[in-house]
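Colleague: I have the sequence and the coordinates open now. Could you walk me through what you see in them?

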Amino acid sequence: MRQAFALLIVVSTAAVLAAGAVGPLAEETGALAPVPAQREPLNRGDDCLSPADLREAVAEKRVVPPIAAIRAARQIVPRAEIQRASLCRHEAGLVYLLTALRRDGHFMHVMVDAQSGQVSGHW
């Protein structure tokens, strides 16, 4: 009976901790609650267009199609697998930000000018 009661206490404590119900209690008692981690934006402050806006920009011929940006990135990172491509606003205008996975397992980022289709940087 004692073991069942102890198991019940352990399970309920784990459930309370997993649900995050300790935060308000910590504030009432004056204890410090954990601060959620701040994540740096993936594209360093540039805001990216939605897929609908991307299609509209390509249809209006304001930017090159994403496949042209992918081809340009593959010239810089041959045999890499392109994981993500986003059309984003940058200080120089619209750019494609591409993330490529190299064969050695490392990620590489490539920036392609969206109007010309030329690579403007990689890191």
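Predicted model: local features only at pLDDT ≥ 70, side-chain atom pairs only at ≥ 80, totals over all residues.

Colleague: What kind of sheet do the strands form, and in which order?

Modeller: The 4 strands form an open sheet in the order 1-2-3-4, with antiparallel pairing. Strand 1 and strand 4, the latter covering 119–122, are the edge strands, each pairing on one side only, and the twist from one strand to the next averages 25°.

Colleague: And which helix packs on that sheet?

Modeller: Helix 4 packs on the sheet, where it touches strand 1, strand 2, strand 3 and strand 4, and its direction makes about 55° with that of strand 2.

Colleague: Back to strand 2 then. How many bridges does it have with strand 1, and how many with strand 3?

Modeller: Strand 1 and strand 2 pair in the antiparallel sense over 9 bridges, and a hairpin of 2 residues joins them. Within that pairing, A85 has L98 as its bridge partner, while I82 stands opposite A100. On the strand 3 side, strand 2 pairs over 7 bridges, again in the antiparallel sense, and L97 has M111 as its bridge partner.

Colleague: What does G105 do in the hairpin of strand 2 and strand 3?

Modeller: That hairpin has 5 residues between the strands, and G105 there takes a positive phi near 90°.

Colleague: Switching to the core: how many residues are in the largest nonpolar one, and which have the most contacts inside it?

Modeller: The largest nonpolar core has 21 residues, and V63, L87, Y96, L98 and V112 are those with the most contacts inside it. The elements giving two or more residues to this core are helix 3 (51–59), helix 4 (66–76), strand 1 (81–90), strand 2 (93–101) and strand 3 (107–113).

Colleague: What does L98 touch, away from its sequence neighbours?

Modeller: Leaving out residues up to four places away in sequence, L98 touches A69, I70, A73, I82, R84, A85, M108, H109, V110 and V112.

Colleague: What about T99, buried or exposed?

Modeller: T99, which is found in strand 2, counts as buried because its relative accessibility is 12%, and the cut-off for buried is under 20%. The side chain of T99 makes a polar contact with the side chain of H109 at 3.4 Å. Beyond four places in sequence, T99 touches E81, I82, Q83, R84, F107, M108 and H109.

Colleague: And S120, where is that placed?

Modeller: S120 is in strand 4, and at 47% relative accessibility S120 counts as partly exposed. Apart from neighbours within four places in sequence, S120 is in contact with M111, V112 and D113.

Colleague: Last one, for the whole chain: what share of the residues counts as buried?

Modeller: Of the 123 residues, 24% count as buried, and the accessible surface comes to about 9300 Å², of which 58% belongs to carbon and sulfur atoms.

Definitions and conventions. Residues numbered from 1 in each chain as written. Heavy atoms only, no water. Core = buried A, V, L, I, M, F, W, Y, C linked by side-chain atoms within 4.5 Å. Buried < 20%, exposed > 50% of the residue type's maximum accessible area, 1.4 Å probe, protein only. Contact = heavy atoms within 4.5 Å. Pairing = 2+ DSSP bridges. Axes fitted to C-alpha atoms, helices over the stretch in contact; angles between N-to-C directions. Polar contact = N/O pair within 3.5 Å; in protein donor to acceptor, adjacent residues only side chain to side chain. Areas by Shrake-Rupley, 256 points an atom, 1.4 Å probe, with all protein chains shown as cover.
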